[in-house]
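This report walks through the packing and strand layout of a model. Look at the structure first, then read on.

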Amino acid sequence: MDGVDDTSAVLQAAGLHQPPVEEAPSLLCVIIDTHAEGWHKLEGWSFKETMASVMVLLNAHMALSNANDVAVLGFNGMGPRMVYPQKEDAPLSDVKLEGTMYRQFHKMDKTVLAALATQLQETTVNKHCSISAPLTLALCYTQRIMRQRPGTRGRILLVSVTGDVPSKYISTMNSIFAAQKAHIPIDVCKLGGEKTNLQQAADFTGGAYIDIAHPRGLVQYFMSTFLIDPATRQMLNQATQPEVDFRAVCFLTKEVVEIGHVCSVCLCIMKDEPDGSCPICHTVFESTQLPSFT
Amino acid sequence: MDDSDDEYVDSYAVDSVQPRQRHPRRKRDGKSSGDAGADSQPQGYAWEDEYHRSWDVVQEDSGGSLAGVVAGMVEQAKRKRVLHDTRPVQRGIIRNIVLILDMSFAMADVDMRPNRLQVMINYAIEFVNEYFNQNPISQLAIVGMRDGIAVLVSPLDGNPNVHLDNLQALRKQYGSGVPSLQNALEMAKVILMHVPSHCTKEVLLIFGALMSSDPGDINKTISDLVLNKIRVRIIGLAAQVAVCQRLTAETNFGDKSMYNVVLNEAHFRDLFLESTTPLSINKLAARSQSACVEMGFASRVNEAKPSLCTCHGRLTKRSYTCPRCLAKVCSLPMVCPCCQLTLILSTHLARSYHHLFPLENFERKETNLEPSASCFGCMTPLDHAYACPKCHNSFCIDCDVYCHESLHNCPGCEAITT
């Protein structure tokens, strides 16, 4: 059949048919915690300094390949918001340059810094946004980009300074499982706040979890861990935390349990066997099973 | 020129088969159960219906273009998949399924390419993966029907890899002999005999033939299945068979929607994967199906030097320890080989939560949209909006599908802070 139509052979001979050697484009979604209260608690380290490091990471990611793209989300007590790209983006040509900076970098830097600074000013007392909200948004946006540009690989980096909202446990886990299904690794950069199920998020999706003890070296953490794409990370010796907290907590007493009782209807975990009915869903248990010899 | 092909496709588009499975608890024509009868409109035969041509549905718009209509149809097809039943019903989360695969002469037919058997194995592999993804604390067994007997392909186990290996081995075989429904069902009954009462007992049968060669009376097997509370779902590959209709209706409390015949390969896949969602529990049966189960939450250890695991005898570094007998196992979920305690992680339970708290279906907004309107999830400009009934934010069709199929979260509802 090649004899009938040998255009491909002709093109190959002329060196025109070679597919361009290019790495798969990658979309980096950075989620930044803008709870003012959380940043206030960080001693000796400011939001401004962190953002300087984040901007280095974003620019470096864009610089790695022409096809690479970034997205930035911020979340605080007012809810999650897309920071970059904006809904109504000014065209690139309208961006005024100072000096010889690359136009894309300049535009992104300006938009991101301005929007995040406004978010940090918002005073929201006693209101917290769960990480499930920005994760859900980031996943929807990543899916859109993956639909529009097939072959794109997505990943998410979360910069967190606050603890989590316990009532949102189910939706947080749902978004972690969705990320795992779509092969989107979630990297976590923990600057402050108590430990959360973010460790599990990183562990399940194959991302890195780093509890940063010395924020002065933040830019180095970013460049040596979070910038590297997940496929390359396997070949490098990376600083990670091997112990992941998988312990189950009793729904009633909030104690950590090792051997617990699970209601077969609502799957709630209990430390002691309840008598007769489930305290959460009020299902009456069947008692035909033989009593145990204990 | 009126060939039957056209009507066939059209009946799929017009949705004469789909709504039955989408309302699994809707009762139809309760001849055998006696408790139904709310919806007993007689359904005529397909050939008695008015003739629809697929090209009659497509109308040009004012500009003489078809693009808008075609886009609308694509959207409709996507939409069809996301409309799940979101009523909060009690579902049997801890499941035990026996998957019965027809491996008889009928599976050598080539109406699906390369043949029915290969297509079935492909989808079965996909089913096993998805089943254990959505039901991590459930178990599965696989049985084959060939040469008039039932053969055990894969024993009851909670580890997907065992089943996947066994299914891959099936690829080298050919369909041969006659199938026997009775033998396969009897084997399934025996496999499910020891399952505790808080777990569901289900059979998923892929039936390619139109006949069954049984050693005895199948009616007795059916009544045995009903007594054992085993629910049977059948996917037929050829045509409806009366005994299958009876079998599914009687074991599912008169619900006839559990028997479906495939229209094409895509439909086959949809039906197959639909069985990954846990069945809702009938109220009458609910009482005996709830229990408090003892489970161990294993802790993960990373060892410097590899040691042997109790489950497979392999050298591993990364493993889990049973909290009761301190035995080392290499993967979870698993029943501890030493003390028979069910070992899981709390996250395995979390994977099933979306069955218990399903995301509400989004409603299509009929009002005109502002020109600047964009999707709340991904910020694409909107042509048609789908709104969450709780938070009233608008979404595009792609986000709607993604949220319901994989994410199980509404971006708008999540954004409400507390």
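Which residues of the largest nonpolar core touch the most other members?

## Nonpolar cores

They are Ile156(A), Val98(B), Ile100(B), Val203(B), Phe207(B) and Leu349(B), in a core of 113 residues. A nonpolar core is a set of buried Ala, Val, Leu, Ile, Met, Phe, Trp, Tyr and Cys residues joined through side-chain atoms within 4.5 Å. Buried means under 20% relative accessible area, exposed over 50%, and partly exposed in between (1.4 Å probe, protein chains only). Helix α5 of chain A (residues 132–148) supplies the largest share of this core, eight residues. A second, separate core has 36 residues, including Val30(A), Ile32(A), Leu58(A) and Cys189(A).

Take Leu349(B). Beyond its neighbours within four places in sequence, Leu349(B) is in contact (heavy atoms within 4.5 Å) with Val262(A), Leu267(A) and Ile269(A), and also with Ile137(B), Phe297(B) and Ile344(B).

## Basis of the model

The model is predicted: local features need pLDDT of at least 70, side-chain atom pairs count only at pLDDT 80 or more, and totals for chains, interfaces and linings use all residues. Residues are numbered from 1 along each chain as its sequence is written, chains are lettered from A and ligands numbered from 1 in the order in which they are written, and side-chain values use heavy atoms, with hydrogens and water left out.

## Strand β4 of chain B

Helices (H or I, at least four residues) and strands (E, at least two) are DSSP runs, numbered from the N terminus. Strand β4(B) spans residues 200–207, and eight of its eight residues are buried. Thr200(B), Glu202(B), Leu204(B) and Ile206(B) point one way. Lys201(B), Val203(B), Leu205(B) and Phe207(B) point the other way.

Strands pair if DSSP finds at least two bridges between them. β1(B), residues 95–102, runs parallel to β4(B) and is joined to it by seven bridges. Asn96(B) has Lys201(B) as its bridge partner. Seven bridges also join β4(B) to the parallel β5(B), residues 230–236. There, Leu204(B) stands opposite Arg233(B).

β4(B), helix α8(B) (residues 218–227) and β5(B) make a right-handed β-α-β unit. Right-handed means that, with the strands pointing away from the viewer, the path from the first strand over the helix to the second runs clockwise.

## Helix α13 of chain B

Helix α13(B) covers residues 397–407, and nine of its eleven residues are buried. Among them are Asp400(B), Tyr402(B) and His404(B). His408(B) follows the helix, with a positive phi near 60°.
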